[in-house]
Amino acid sequence: HIMLRSWRMKLKLLLATVTLAILLSWLYLFVGSLEYGRFLLLPPCLGEQASRDVEREALASRVRRVEQENQQLRLQLGQAQAEGSDGSPQWGASAEDRDPAGGDRSNHTACPKQRTVHKCELLHVAIVCAGHNASRDVVTLVKSILFHRKNPLHFHFITDSVAHQILQTLFQSWMPEVSWIPNKHYSGIYGLMKLTLTKALPSNLSKVIVLDTDITFATDIAELWAVFGKFSGEDRVPLGPWQGLGCWAQGVILLLLDRLRRLGWEQMWRLTAERELMSMLSTSLADQDIFNAVIKQDPSLVYRLPCFWNVQLSDHTRSEQCYTELSDLKVIHWNSPKKLRVKNKHVEFFRNLYLTFLEYDGNLLRRELFGCANLPSPPRDQLQQALEELDEDDPCYDFRQQHLMQHRIHLFFLQYEFLALPNPTDVTLVAQLSMDRLQMLEAICKHWAGPISLALYMSDAEAQQFLRYAQASEVLSARRNIAYHIVYKEGQFYPINLLRNVALANTQTPYVFLTDIDFLPMYGLYDYLRNSIQQLELPQRKAALIVPAFETLHYRLTFPKSKAELLSMLDMGSLYTFRYHVWPKGHAPTDYAKWRTATVPYRVAWQPDFEPYVVVRRDCPRYDQRFVGFGWNKVSHIMELDAQEYELLVLPNAFMIHMPHAPSFDISKFRLSAGYRGCLQTLREEFHQDLSRRYGAAALKYLTAERSL
């Protein structure tokens, strides 16, 4: 309503201007016809007739000039009516704001209005991102952009190796157009990367929006892209506005790359940096310092964006002066170390907006843009093609769909210290979990000192709850050798083998201990496994080391400190061999009777439904992802290990104990649904067929064993 009233006022003003111009014109002509006026217009040497001829020519000239002025006014009036015909102005007209440095200034410039961005125009966005924390921040930024966008987008990420690994995996299933720009020239100096974009970005790219990771969009980014239309004949580069105490905020930058290249930007900023280093006696500079210095030398290079494009939430800025109403906001910049705890009278609104995008389901933002014939169709990968070929009348359609579903995956969600050179016998504990098993993490950390790789199946909101939990935990926050990989929820089944594969694929050590999150390993198991790997010369043989599994029905357990204590508890009935009363076939081949007295590793043979927990090389076969929810997810993996002729060796002095918990939703469905069990049987038969195709006659024993049950 405010914008509509504003345009009505402008229309009235233009009409009044036209009317006034006409009145003044006639008044001027009338005065010019007076004798006194004639005398002033004529040189004293001219006669009466000559005077009249000159007068007529002067009057005609004035009439033509006034008609031209009126024609121009009518043209402006017509343009204003066209722009206001839909009840809203095109971008460029905005309310005035107060300059934080003092005095009044307008959030709208004297430049002509830019063209409207066509809905099919491709917008280019560049983001510099390094490390684990920035990789989390950039996801929230991208969500806020995708939520409002109506145009196709092409993101250019300039990353370090950590952020590249994280974001490439995440955006492969999220963004159709992403470029990964290697940092070839300034390795490790990511504070200077914005200065190098003229070289780092493709040479045929003429303009780009550059964003910090700690900002949130409250409008369509196409409105910002439209600002480029202001620079049709200028060499100015729009950057962020001056705010606060005079620091230049680089959160939002529009770069005219072709013009910067013509100006010799690369040499310009290098010379400035060298001069600043000498004068400031500093060993390093951030890009902000160099931008400031360049702008100070030549202010004409820069156009100041209206500050509603960079509302900085810091204790030392007067951000409220950038907008008259909350609807005026375009971009919020969380550039204070306090982040969400910053002082601002509207901070609750800003915080809620940020949290909305932080916890927003990113799956909902996977939408295609229609009606743009000039855009290339995204390539159909094998998964997409397989999904389209599924028969929706198949009673097992939901299982097959879940298997083919593309999940968003955020690797290394928290800080992780990568191993420079892993020990050749080192081993990583690999497991998966959902929110309801989160309480097991601290206990496992107390039992296992080595590296851990975990896949967590969570929604966007749950991932943020986990982040707060991990950061508040003294046990978890003290560890830097735990890799947390978020697999975002999608579909109706728990994708257990996908989760296992994600955790397994992102380990660094030569060996992995494949376990489940509800097991506590014995104290010292990490050291025992490394010693066993060395003693058994595992690098020279293909073997799977079995860690015998036990369970307790007591939520509070005095954990045995040795094999002798465990055997005593087993005899007293406070411990049991795992699942002996529910699924004895799963672990009976371990031969617990032999284990009681064993002092050296012993070999066991594969048997149907055997599903022990094992230590294997990292390059072992992956889990079969067709098995989702409950049933046959580990059985199929052990079967494939046996098909590849792995030795199955039971460790004599190793053990793990399963802790009690409420049954999972998937096991409840398995027990209650005949259709569920029928589909599991179908998947088993298909797995056998695939096994036979891969391993030929060697796989016949599995099919024979299955039919004999």
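**Strands, salt bridges and core**

Author: Within strand β19, Phe513 is the bridge partner of Leu429. Please bear in mind that this is a predicted model.

Reader: Which strand pairs with β19 in the parallel sense, and over how many bridges?

Author: That is strand β16, residues 427-434, which pairs with β19 over four bridges in the parallel sense.

Reader: And which strand runs antiparallel to β19?

Author: Strand β25, residues 613-617, runs antiparallel to β19 and is joined to it by four bridges. In β25, Val615 is the bridge partner of Phe513. Phe513 therefore has a bridge partner in β25, given that strands count as paired once DSSP finds at least two bridges between them.

Reader: Which way do the side chains of β19 point, and are they buried or exposed?

Author: Tyr511 and Phe513 point one way, while Val512 and Leu514 point the other way. All four of these residues of β19 (511-514) are buried.

Reader: Turning to charges: how many salt bridges are found in the whole structure?

Author: The search finds 28. One of them joins Arg400 and Glu686, whose closest N and O atoms are 2.9 Å apart. Arg400 belongs to helix α13 (residues 397-404) and Glu686 to helix α23 (residues 674-695), so this pair ties together parts 286 residues apart in sequence.

Reader: Is Arg400 buried or exposed?

Author: Arg400 is buried, because its relative accessible area is 18% and the cut-off for buried is under 20%. Glu686, with a relative accessible area of 23%, is partly exposed.

Reader: What does Arg366 form a salt bridge with?

Author: Its partner is Glu490, with the closest N and O atoms 3.0 Å apart. The pair links distant parts of the chain, 124 residues apart: Arg366 is in the loop between α11 (347-358) and α12 (382-388), and Glu490 is in the loop between β18 (482-488) and α17 (496-505). Arg366 counts as partly exposed at 28% relative accessibility, and Glu490 counts as partly exposed at 22%.

Reader: What about Lys585 and Asp609, and where do they lie?

Author: Their side chains meet in a salt bridge at 3.2 Å, N to O. Lys585 lies in the loop between β23 (576-577) and α20 (592-597), and Asp609 lies in the loop between β24 (602-604) and β25, so the pair ties together parts that are 24 residues apart in sequence. Asp609 counts as buried at 3% relative accessibility, whereas Lys585 counts as partly exposed at 38%.

Reader: Which residues are linked in a network of salt bridges?

Author: Lys143, Asp361, Arg408 and Asp460 are linked in such a network.

Reader: Now the core. Which residues of the largest nonpolar core touch the most other members?

Author: Of its 156 residues, those are Leu211, Phe217, Leu454, Phe466, Tyr484, Phe513 and Leu529. Helix α4 (residues 131-148) supplies the largest share of this core, seven residues. At least three residues come from each of domain 1 (123-365) and domain 2 (409-708).

Reader: What is Phe217 in contact with, leaving aside neighbours within four places in sequence?

Author: Its contacts include Leu141, Ile145, Leu211, Trp309, Val331 and Phe357. Ser144, His148 and Lys330 are also among them.

Reader: Which residues does the second, separate core include?

Author: That core has 24 residues, including Ala126, Met193, Trp265 and Phe291.

Key
Residues numbered from 1 in each chain as written. Predicted model: local features only at pLDDT ≥ 70, side-chain atom pairs only at ≥ 80, totals over all residues. Heavy atoms only, no water. Buried < 20%, exposed > 50% of the residue type's maximum accessible area, 1.4 Å probe, protein only. Salt bridge = Lys/Arg side-chain N within 4 Å of Asp/Glu carboxyl O. Core = buried A, V, L, I, M, F, W, Y, C linked by side-chain atoms within 4.5 Å. Domains from an automatic or database assignment. Contact = heavy atoms within 4.5 Å.
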